[in-house]
Every structure is written in structure tokens, then in C-alpha cells.
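Here are my notes for you, written as numbered points. Keep the viewer open and turn the model as you read.

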Amino acid sequence: RFPGKGLFMAQAASSSAPRSVSPNPAGWRLEHSYAQLPALFHAAVAPTPVSAPRLVMLNVRLAKSLGLEAAALAGEDGAAIFAGNQLPPGAAPLAQAYAGHQYGHFTTLGDGRAILLGEQLTPDGARFDLQLKGAGPTPYSRRGDGRAALGPMLREYIVSEAMHALGIPTTRSLAVAATGEAVWRETPRPGAVLTRVAASHIRVGTFEWAAARGDAAAQRALVEHTLRRHYPELAAADNPARALLTAVIARQAALIAQWMLVGFVHGVMNTDNMALSGETIDYGPCAFMDAYDPATVFSSIDARGRYAYQNQPGIAHWNLTRLAETLLPLLDANEEAAVAAATEALGGFAPQYQRHWLAGMRRKLGLFTEEPDDPALIEALLIWMHATKADFTNTFAGLAPDLPPGDPRRSDGDCVAWQERWRARLGRQAQSPAESEALRRASNPAFIPRNHRVEAALAAAEQNDLTVLERLLDVMATPYAHARSAPGYRVPAPDGGAGYQTFCGT
Ligand code: AMP
Ligand code: MG
């Protein structure tokens with residue numbers, strides 16, 4: 001099944017394999033609960049050392065929250081660890097096995113270029129996966145080189161940290177190390193390794209993997225492990241599989257609503273890219289929408305728009321249906337009863353998603369109360385935005401009961417009519433205009449990682465100039481700071497971002 005396996009084992013055992021260092025000034029506290037799962041879920045494999053490790057990014061605040069001493073990681077030791085040349089104390093590297101539906105088609109996958117070092121225990125008792133992405137081949141690499149290019153790894157760093165600052169559950173980025181080696185994509189690109197931090201890397205695809213092997217005992221172990229890690233309050237549930245399914249559906253309904261409310265397009269919502277923790281994971285061809293268009297697609301390979309902005313809730317439901325299928329044997333010994341239980345749980349997705357989305361939209365409009373006509377009020381605004389190609393982020397950030405004198409929207413009859421309707425609606429709640437404005441400001445970001453800004457930062461970084469990237473990260477760290485003066489970060493690309501494409505050649 002994994003033709004590269006024999007080759008790789010020989011390589012891992014050679015003298016060039018990374019060595020573990022014993023003093024621990026950085027404060028590593030690695031455990032390995034995932035490795036306790038049955039053997040079909042993982043393969044021990046060490047990162048492949050690189051020729052010239054150099055630390056490009058280190059997320060000092062994240063390091064601190066993980067209980068890691070950034071100062072001890074900023075130099076050569078950190079570069080060696082984050083490039084995969086040296087293992088931190090207590091590491092037990094492995095690649096995770098998983099399957100998945102890619103663009104609707106089932107395949108077996110696994111970490112083809114990612115290696116889990118272990119789970120860091122934080123000072124406040126939390127547990128986070130530390131994973132090196134781009135650290136060399138694994139038994140699951142298939143035809144891939146196991147490597148990653150600097151641009152896409154920095155892109156994941158920027159967007160994941162921006163999502164975190166927006167308050168959206170997400171994996172995070174601890175470090176990027178350049179390898180000093182070229183990776184061959186369309187052209188040779190500088191190589192890099194990203195250190196990803198995640199509540200876990202357990203995916204819908206992990207469950208699909210056990211189900212495809214027909215291993216019910218392994219599936220049961222995975223359910224229990226996932227519950228312990230992400231839903232400990234449900235560990236004693238009568239039917240663990242059912243409890244897990246219901247809880248995951250609830251978290252995904254909340255997560256996808258948050259994406260929709262900021263105009264985020266994930267771009268590749270394959271089942272292997274949906275985490276059971278409810279975090280956003282696997283930043284590939286993702287981007288934030290500029291002009292509002294529900295059909296927005298960025299990924300160059302998503303020709304049919306399967307993962308378009310407006311399809312995301314439906315795709316999440318589709319993915320969760322695949323998860324439910326893997327759990328059928330555990331939901332009930334009686335097949336009909338199992339299908340009924342799965343159907344009932346899945347039926348909870350749409351109403352929960354709608355509830356989160358509507359509540360979020362009310363906040364974006366500065367509404368504290370609920371009126372039956374609110375969905376129509378929101379719909380009317382979205383129709384106007386679509387018709388006028390209004391910028392999604394700036395339209396919401398700029399909402400004000402009175403359009404400023406000279407605003408071109410004053411001569412747009414539809415806009416003026418909507419403004420009047422909204423003003424009347426605001427007048428029917430007890431909260432003051434100032435309270436409404438404060439709610440809007442806390443709910444509508446002023447800053448999102450605009451595509452042209454991200455591209456400029458990556459282009460400069462490839463030329464060894466990190467100042468553009470640092471400035472972008474600094475602005476993205478305060479997305480709701482409406483008073484902040486950073487005008488260049490508020491405007492979409494001069495051409496409106498039309499035709500912006502993101503590539504899977506990561
Ligand atoms: P993604 O589209 O990033 O979710 O990746 C899909 C699958 O392709 C995963 O199993 C990855 O590990 C694998 N993959 C992506 N790039 C590479 C690469 N350069 N080498 C080996 N495997 C890869
Ligand atoms: Mg993936």
C-alpha cells in the first residue's frame with residue numbers, strides 16, 4: 001500500500017537522522033496520547049534533516065502560551081528544531097494515517113509531508129499537537145516530495161494567525177524555518193517547514209480510514225480518544241459515538257457560521273481537512289472575499305466551484321454525513337436504528353448553523369433584539385451588496401445610520417431605502433446608538449488579510465525582506481481596531497481582486 005515505506009525506514013535509521021538533545025531550557029513537555037491508538041492510525045517516522053536551517057518566523061506570544069521559552073528557541077537550536085534537524089526532548093515523531101473524500105471522491109491519504117512531534121502540555125493544563133509541515137517524506141507521501149515551499153507556509157502563518165485574532169477557532173502557527181533547499185513546484189522555490197499547533201489533527205478522514213479498514217475496535221478507540229481530548233464532558237455518555245457526532249456537528253455549525261460572517265473561503269473543504277476539534281485546519285487555497293459574491297471561488301483547481309463561499313455550509317453538512325456513516329456500527333447494533341440516530345443528529349446542523357449565522361448578522365448590524373423581519377432586512381442588504389459588488393468587509397465596517405454628506409450611496413435609491421429601514425429597526429430597540437455602534441465595531445472587522453497585501457508580504461519575504469510581513473501581522477493582530485490608521489490595509493486590490501486565484505501547488 002505504501003511503496004515508499006521500506007526506503008524510508010532505511011533512511012530514518014541512518015546516521016543523518018535527527019538526534020534528541022537532553023537539556024531542556026525551552027521547556028518542552030511532550031506527551032503522546034495519539035500514539036496510544038491502534039497501530040493502523042500512525043507510523044513512526046523522523047523528520048529528514050535539511051542542509052541549512054534558518055529560523056524565519058517565531059511566534060513569541062504563542063510560544064509563551066504553550067509554556068515554551070522563546071529566547072531559548074530564537075537561535076540555532078530553534079532553527080534546528082523547527083527545520084526538523086534536531087528533535088526536542090521527549091519527541092516521538094510520527095505521521096498520522098487518514099483517508100478522505102477529495103472533491104467528493106474517496107481516497108486514502110495520511111500525512112504525506114507532516115510529522116507530529118508530540119503533544120505539548122501547557123502551563124494551564126491544555127494539550128496541543130506540535131506538527132512539522134514540510135519535514136520530509138513519510139510512509140504516506142505517495143508521489144509527493146514531503147516538502148513545502150516558503151511562500152505557502154508563510155501564507156498559512158499569516159492567515160491562521162489572522163483567523164485567531166478574529167476570534168475564530170483555528171490551528172495556529174508557531175514557527176517557520178527555511179531549509180536552505182529548493183523544492184520543485186512549477187519552478188524551484190525556497191523550501192520551508194511550518195510548525196503547526198492544533199488542539200489535535202484528528203479529521204473526519206481519520207474516522208474514514210478506520211471505517212475503510214472495517215476495524216470497529218479501532219473506531220471505538222478513536223471515538224473515545226477524541227471525546228477525551230475535545231469533549232471530556234461527554235466521556236461518560238451512554239452512547240459515546242452518538243455524543244461525539246452530535247457535539248462535532250454543533251461545533252462545525254458554529255465554525256462555518258463564523259467563516260461566513262467574515263467572508264472567509266476555505267477553498268478545499270475535503271473531509272481530510274475538517275477537524276473533529278472544530279478548529280479551522282489546512283490553509284491551502286483559502287482567501288477572504290473582497291466584493292460580495294456568494295459564488296466566490298479562489299482555488300485554481302476548483303473549476304466547478306464545489307467549495308465556493310455559499311456552498312460551505314452545505315459542504316460541511318456533506319462532510320459530517322461522511323463522518324456519521326463511519327460511526328453507524330457504533331451508533332446502534334440495529335442498522336435501521338443507527339441510520340435513524342445519524343439522520344437525527346445530522347438534522348441538527350442546518351438549524352444550528354442558521355441560528356449562529358442570524359445571531360452573528362444581527363450583531364454585525366448592531367441589533368440586540370430579535371424581530372421576525374430581521375432575515376429579510378439582512379437579505380436586502382446582501383442583495384444590494386451583490387448587485388453593486390460592494391466590498392464585504394468595508395460595507396459592514398462602514399455601516400452608519402446616517403450616510404456621510406457626499407457619500408455616493410446617497411444617490412442610490414436601493415441603498416437609501418435600506419438605510420431608512422435599518423434606522424427604523426434600530427429605533428425599535430432600547431439600546432442607545434452608541435451601544436449599537438460598539439456592538440458593530442466588535443462584530444465587524446476593520447482589517448482582514450487582503451489578498452494583495454498577503455501576496456506583497458510573501459513576495460518580499462522570498463527576497464529576504466520580512467518587514468512587509470511583520471507589518472501585515474501587526475495590523476492583522478488587531479482586526480477590530482477601527483480607530484487604527486492603516487488605510488492601505490483596508491482597501492481591496494486596485495482591480496477589486498477580480499480573478500484572484502490561489503494555488504494548490506503548495
Ligand atoms: P492537502 O491538500 O494539503 O490537504 O493535502 C492532501 C494530501 O496530500 C495530504 O495527504 C498531504 O499530506 C499530501 N501532500 C500534499 N503535499 C505533499 C507533498 N509535497 N509531499 C507529500 N505529500 C503531500
Ligand atoms: Mg489536508
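How do H4 and H15 lie to each other: oblique, parallel or perpendicular? Before the points, a word on the ground rules. This is a predicted model, in which local features need pLDDT of at least 70 and side-chain atom pairs count only at pLDDT 80 or more, while totals for chains, interfaces and linings use all residues. Residues are numbered from 1 along each chain as its sequence is written, chains are lettered from A and ligands numbered from 1 in the order in which they are written, and side-chain values use heavy atoms, with hydrogens and water left out.

1. **H4 against H15.** Helix H4 covers residues 150–166 and helix H15 covers residues 451–462; they pack at an angle of about 135°, with their axes 10 Å apart. Helices (H or I, at least four residues) and strands (E, at least two) are DSSP runs, numbered from the N terminus. Axes are lines fitted to C-alpha atoms, for helices over the stretch in contact, and angles run from 0 to 180 degrees between N-to-C directions. H4 and H15 are therefore oblique to each other. The cut-offs are: under 35 degrees roughly parallel, over 145 roughly antiparallel, 65 to 115 roughly perpendicular, and the rest oblique.

2. **Who meets whom there.** On the H4 side you will find Leu150, Gly151, Leu154, Arg155 and Ile158, and they meet Val454, Glu455, Ala457, Leu458, Ala461 and Glu462 in H15. Contact here means heavy atoms within 4.5 Å. The residues of this contact of H4 with H15 divide into seven nonpolar, one polar and three charged. In this sorting, Ala, Val, Leu, Ile, Met, Phe, Trp, Tyr, Cys and Pro count as nonpolar, Asp, Glu, Lys and Arg as charged, and the others, Gly among them, as polar.

3. **H8 against H9.** Now look at helix H8 (residues 312–331) and helix H9 (residues 335–346), which pack at an angle of about 150° with their axes 9 Å apart. H8 and H9 are therefore roughly antiparallel to each other. From H8, the residues His317, Leu320, Thr321, Ala324, Leu328 and Leu331 meet Ala338, Val339, Ala342 and Leu346 in H9. The residues of the contact of H8 with H9 divide into eight nonpolar, two polar and no charged.

4. **The magnesium ion.** Which residues coordinate the magnesium ion (ligand 2)? They are Asn273, through OD1, and Asp282, through OD, at 1.9 to 2.2 Å. Donors are N, O and S atoms within 2.8 Å of the metal (3.2 Å for Na, K and Ca); water is not among the atoms, so sites may look incomplete. Asn273 is buried, with a relative accessible area of 10%, and Asp282 is buried too, at 15%. Buried means under 20% relative accessible area, exposed over 50%, and partly exposed in between (1.4 Å probe, protein chains only).

5. Find Arg189 in strand E13 (residues 188–198); at 30% relative accessibility, Arg189 counts as partly exposed. Arg189 and Gly151 are 38 residues apart in sequence and 8.4 Å apart in space, C-alpha to C-alpha. Not counting residues up to four places away in sequence, Arg189 touches Ala149, Glu181, Ala182, Val183 and Glu462.

6. Is Gly100 buried or exposed? Gly100 is buried, with a relative accessible area of 0%, and lies in strand E7 (residues 99–102). Leaving out residues up to four places away in sequence, Gly100 touches residues including His105, Phe106, Gly205 and Asp272. Gly100 and Arg322 are 222 residues apart in sequence, yet 9.2 Å apart in space, C-alpha to C-alpha.

7. **Two positive phi values.** Most residues other than glycine have a negative phi. Arg142 has a positive phi of about 50° although it is not a glycine; Arg142 is found in the loop between strand E10 (127–133) and strand E11 (148–149) and is exposed, with a relative accessible area of 56%. Lys389 has a phi near 55°, sits in the loop between helix H11 (374–388) and helix H12 (392–397), and counts as exposed at 65% relative accessibility.
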